[in-house]
Amino acid sequence: MKKIIKRDRSIEKFSKVKIEDAVYKSTINSEKGIDKNLGNEIANKVEEIFKNSDKCLNVEEIQDLVEVLLMESNRKDVAKHYILYREKRANIRKKPWDMDELQKSIWKNKYRYNKENFDEWINRISAKNTRIGKLIRQKKFLFAGRILANRGLYKDGLKVTYSNCYVLEPPKDNLEDIFDTAKKLARTFSYGGGVGIDISKLRPRGAKVNNSAKNTTGAVSFMELYSMTTGLIGQRGRRGALMISIEVSHPDIEDFIDIKTDLTKVTKANISVRINDEFMKAVENNETYRCEFMVDGNNEHVIKEIDAKKLFMKLCKNNWDYAEPGILFWDNIKKHHLMSEDKEFDYAGVNPCAEEPLPSGGSCLLGSINLAEFVIQPFGTSATFDTNKFKACVRESVIALNQVLDEGLDLHPLQEQKISVDKYRQIGLGVMGIGDMLIKMNMRYGSDKSIELCKFIARTMLNEAVKQSSLLAKEYGPFKEYKKEAILKSKFFNDNIDDEIKELVKLYGLRNSQLLTIPPTGSISTMLGISGGIEPIFNVSYIRKTESLHDEDVYYKVYTPIVKEYMDLKNITDEKDLPDIFVTAMNLDYEDRIKMQQAWQQYIDASISSTINLPYETTVEDVYEIYIKAWKHNLKGVTIFRDGCKRSGVLINEKPKNEKEENNLKEEICVTEDDKNEKFICPECGNEQIANTGGCSICLKCGYSGCN
C-alpha cells in the first residue's frame, strides 16, 4: 500500500476517497454543476500515476497532480474552484485569524499569555497536537476559556485549572460544613474555576438549632455568604461564576424564589430551582404540593403545603420581571444520560450556566465545534454539510479533551475534585455557530428543515463521540467507575446509539462517563465572529460608539459578521432587503427556540445552557407557556430574559473606576417608570451594547463576559 507524507511530516496510507471528496466539493456551485463521477475519475488517474512512482509523495505533490488533471479535463470550471480552495487553505495555515477590534481584544486580554504570538498560542493550547492545532487554525474547533487561558502555564508555577466549572458537594446541615463550603468556593475561584452548589440539605427557616440562636435563619440566608465569597475572588478577564440551586420540595422555596427581587441581594450568583415531574403535574392540575424537610438529630419534621400553581406563577412573574430564578427540570436531568441506571451515581448540582450536571467534585472540561465551518459552498443553492469532515473533527476533539483531562488531573484546586474527575472522566464536547451554519445552508432557524438537519448532526456527533471514547477505553481502559450493565441498560444509550457502536462499547467500555454538552461559548464564539451555543445570531447589526480626536462620541453601524458576509456576496446595501433566514434572538418565535433545543437535547447526555431572549411586550402568561412547553418537550433547563426587565440595568455592573463613571452609572441603572429605558452597562469600558447569549452577557466593544 502506497504511503503519503503529510504536512506535519507524519506518514499515512494513500486514500482515493479524500481526492474524490475534494473534487466533488469543487463541483458544487461550479458553472457546469455537480458531477458525482469526476472525483472518481481523477482519483483513479492519480492512483495509477502514483502506483508507478518510486518515491513517497507529499500532500502538496498529490494536490498539484489533481490540479493538473482537472485542467486537462473538460471541467476547467472545477479546476478553478479547486485552485481557489487550495489558496484559501494555504492562507489559513500561514496567517493568524482575521479579527476585528473586538475579537483581538478578547484574544489579547483573555486568552493570550505574556505577549505570545498567534503561532505560539496555538502551540501552547494544543500542546503541539498538530491535528487539533490544525482544527483550531481552521476555526473548526476551540477549547473553552480556561484551557485557552491556562494550558501549559503550570510550568511557570501558576495555580490554574483547565476546567471551566465545578460542582461541589452540597453543604451539610451544620455550621462548620456551611463555612467549609465557602472556603472551597474561594480556593476554586482562585484557580479560575466557576462553581455550582445546591443548598437543599440545609434546614429551613425557623427550624430548631442546638446553639444560642435556638432557631435557624434558614437555607436561603447562607446564599449571601456564598455570593460575597464569589465577589471577593477576582479572575483574569471575568469575575467568579456561581450557581446556587434548591429543590422545589424545600420549605424555604418561596424565600429562594424571591431573594433576587431585591437587586442588592445575592448579586454574584445565578440561582435555579430544581423542579420535579410531581410538582409540574400538580401545577397542571391546580393541586397542592407538599414541601417537607426532616431535620437530622432532633426528629423535627417541617411540612408546608403550598398551592403549586400559585408558586409556579410567582416563579414565572419573577423571571418576567427579574430574569431569575432559572428552572432545572431535575427528573429530565436524572433520566436522560449514560449513567442513569447506575444506582451508585448521583448528580449533586449544575455548573453556573447549567449545561453540566455533575456529581460532587465533578468538573466541566469543555470544547466546542464550530458548525459554520463545515458548510460546503455556503449561501449557494447546493450548499451542503460536510459530514465526513465533521465526524473526523468530533473524533479528534474527543481525543484532545481526554489529553487535556489527563494533563490537568493534578491541577484541580481541591483533592475531592481530583478524585471525582479521575473516577468519572467527564468531558463536555459541544457546538457553536448553529445560527451561522443555518444561514449558510439557506435555512431559517426553527424551520422543519433546520430541525431535521440539527437532529442529524447531533446524532452523528453523539455516535462518533461514543465510538472514539470506546476506542480510547480499548487502549487505556474505561473510566474507573464504569459498570457495563448499567451503561447498556441506559435508555439514553439504547435509544440513540447505532448498533455497531453498541457492540464496540460492549467489547471495550467507555473512557468517559459524560461526553456532550452545549455551553454558551460567549467569549470564544464572539472571538470567532459567530453565534454562540444553541442560539441564533443575536442581532443583524449594532450601533457602536467611539471617541473622535475632538473628544466627541461618534456612532457607527456594525453588522454581525455572517450578515456582512452575505450582504457583500449578494450586493445588498440595506438590511431590510435580507431574506427571512436572518432570524435573531430578539425576533425568534419562542416555540421555534424550544423545538431547536429539543432537537439537540435528545442527543446530548449532559445539558444545554439556554437563555430565551424575549421582547419587552412579553407577558407573564407567555413565560408560563414557555416553561410548560419546555417541560413537555423534555428539556433539562431553560432561563428567559425579557428585554427591559428590572435586572437589565445591573446584570453585569460592578464598581466603577472613578467618580465620573460612578455618576454616569448611577444615571444609567436607576429604576425608571418605564423599565424599557434601562440599559446594560459594561463594567470594563462603560459600553451599552451587551449581548445575552446562552447564559452569558458579552460586551460587544471590549469582550468582557459575565454569567447571567
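Here is a short walk through the structure, one selection at a time.

Before you click, note that this is a predicted model, where local features need pLDDT of at least 70, side-chain atom pairs count only at pLDDT 80 or more, and totals for chains, interfaces and linings use all residues. Residues are numbered from 1 along each chain as its sequence is written, and side-chain values use heavy atoms, with hydrogens and water left out.

Of its 708 residues, 59% count as buried (under 20% relative accessible area, 1.4 Å probe, protein chains only).

Next, select Trp121, Leu142, Phe143, Leu371, Met437, Met527 and Trp600. In the largest nonpolar core, which has 95 residues, these touch the most other members. (Such a core is a set of buried Ala, Val, Leu, Ile, Met, Phe, Trp, Tyr and Cys residues joined through side-chain atoms within 4.5 Å.) Now colour helix 18, residues 448–476: it gives the largest share of this core, 10 residues.

Zoom in on Phe143. Beyond neighbours within four places in sequence, its contacts (heavy atoms within 4.5 Å) include Ile125, Leu366, Val404 and Ile524. For another core, apart from that one, pick Leu168, Ile244, Ile275 and Ile306, which are among its 58 residues.

Finish at helix 24 (590–601) and helix 25 (620–632). Tyr590, Glu591 and Ile594 of helix 24 make the contact with Asp622, Glu625, Ile626, Lys629 and Ala630 of helix 25.

Note on methods. Buried means under 20% relative accessible area, exposed over 50%, partly exposed in between (1.4 Å probe, protein chains only). Helices (H or I, at least four residues) and strands (E, at least two) are DSSP runs, numbered from the N terminus. Axes are lines fitted to C-alpha atoms, for helices over the stretch in contact, and angles run from 0 to 180 degrees between N-to-C directions.
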